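Welcome, and thanks for taking a look at this one. Please have the model open beside you as you read the briefing below.

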Amino acid sequence: MPGLNDHSTRPGWIPGAGGLCAHRLLVDPADSRRMWCAISAVGVFRTDDGGENWELKNQGVTVSSPDEQYDIGYCVHGLVADPANADRIWRQDHSGVYRTSDGGDHWERIEQGLPASFGFPIARDRASGTLFVVPLESDEMRLPPGGRLRVYRSDDDGDNWEESGQGWPEGALYAGVLRGALATDQLDPGGVYLGTTSGTLHYSTDTGTTWQTLPWVLPRILSLSVFVE
């Protein structure tokens, strides 16, 4: 796809700590020629013509690694969209949590109630519209604030966030959560699944109201996928 691979900003592209990666592609269900691509640590691009041309869409987002020549350096960690309205997108970025209602033309910060703005994954339950993030203390300390591993959820499109549910492990748990290690199953009620870098797996079958932990420990969990029979 030369329109993206050979973009005019390409000479300035730099990798994030996890490498230079295009890790998320959203497609407008109503128009397959309209797509969004998240690249770390470059930013979000949008195409309206099937990939022939791509435009940067990062207005309102705090840049992580400013580039003197190009408007890039936005380290996108995660994107999730409303399947009923592709212009409605939520974004967990290196610099915070954001939302757009116009397909990325403008972004607004939405962090009310979060103990920290840094984090990697973001997920959405289709039936209820509930959003989920996992706050980590900071770029320098990529662990749960105070050792309290928690998923935070929002029932109002990100205007407000709260700690989700009961049943979390007692005591401190200092483990990271990577961008692909939070998933939802899109059932009703919705299931939410979380894997950590210490190998623990936590899950909820009621959209985050109650949580359980599997009684065994895996190696470092990089990503989760949910299969529903």
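Predicted model: local features only at pLDDT ≥ 70, side-chain atom pairs only at ≥ 80, totals over all residues.

Residues are numbered from 1 along each chain as its sequence is written, and side-chain values use heavy atoms, with hydrogens and water left out.

**Overall build**

- The protein chain has one helix and 16 strands; helices (H or I, at least four residues) and strands (E, at least two) are DSSP runs, numbered from the N terminus.
- Taken along the principal axes, the box filled by the C-alpha atoms of the protein chain is roughly 50 × 40 × 30 Å.
- The radius of gyration of the protein chain is 17 Å, which agrees with the value near 17 Å for a compact globule of 229 residues; the radius is taken over C-alpha atoms, and the globule rule is 2.2 Å times the number of residues to the power 0.38.
- Of the 229 residues, 50% count as buried, where buried means under 20% relative accessible area, exposed over 50%, and partly exposed in between (1.4 Å probe, protein chains only).
- Among contacts between residues at least 6 apart in sequence, 47% join residues at least 24 apart; a contact means heavy atoms within 4.5 Å.
- The 18 positive and 32 negative charges have mean positions 2 Å apart. Lys and Arg count as positive and Asp and Glu as negative, with His and the chain ends not counted, and the place of a charge is NZ of Lys, CZ of Arg, CG of Asp or CD of Glu.

- Two strands pair if DSSP finds at least two bridges between them.
- Strand E3 (residues 43-47) runs antiparallel to E4 and is joined to it by two bridges, with Leu 56 in E4 as the bridge partner of Phe 45.
- Another open sheet has four strands in the order E5-E6-E7-E8, again with antiparallel pairing; here the edge strands are E5 (76-82) and E8 (108-109), each pairing on one side only.
- Strands E6 (residues 85-93) and E7 (residues 96-100) run antiparallel, joined by five bridges, and Arg 99 in E7 is the bridge partner of Trp 90.

**Strand E10 and its partners**

- All six residues of strand E10 (residues 131-136) are buried. Leu 131, Val 133 and Pro 135 cover one side, and Phe 132, Val 134 and Leu 136 are on the other.
- Strand E9 (residues 118-124) pairs with E10 in the antiparallel sense over five bridges, and Phe 118 stands opposite Leu 136.
- In the hairpin of E9 and E10, six residues lie between the strands, and Gly 129 takes a positive phi near 80°.
- E10 also pairs with strand E11 (residues 152-154), in the antiparallel sense over three bridges; Phe 132 stands opposite Arg 153 in E11.

**Backbone features to check**

- Most residues other than glycine have a negative phi, and most peptide bonds are trans.
- A cis peptide bond with omega of about 5° joins Ser 40 and Ala 41, and Ala 41 is in the loop between strand E2 (31-40) and E3.
- Asp 188 and Pro 189 are also joined by a cis peptide bond, with omega about 5°; Pro 189 is in the loop between strand E13 (182-184) and strand E14 (192-195).
- Gln 186, in the loop between E13 and E14, is not a glycine but has a positive phi of about 65°. Gln 186 counts as partly exposed because its relative accessible area is 32%.
- Thr 207, in the loop between strand E15 (201-204) and strand E16 (212-213), has a positive phi of about 60° and is not a glycine either. Thr 207 counts as buried because its relative accessible area is 13%.
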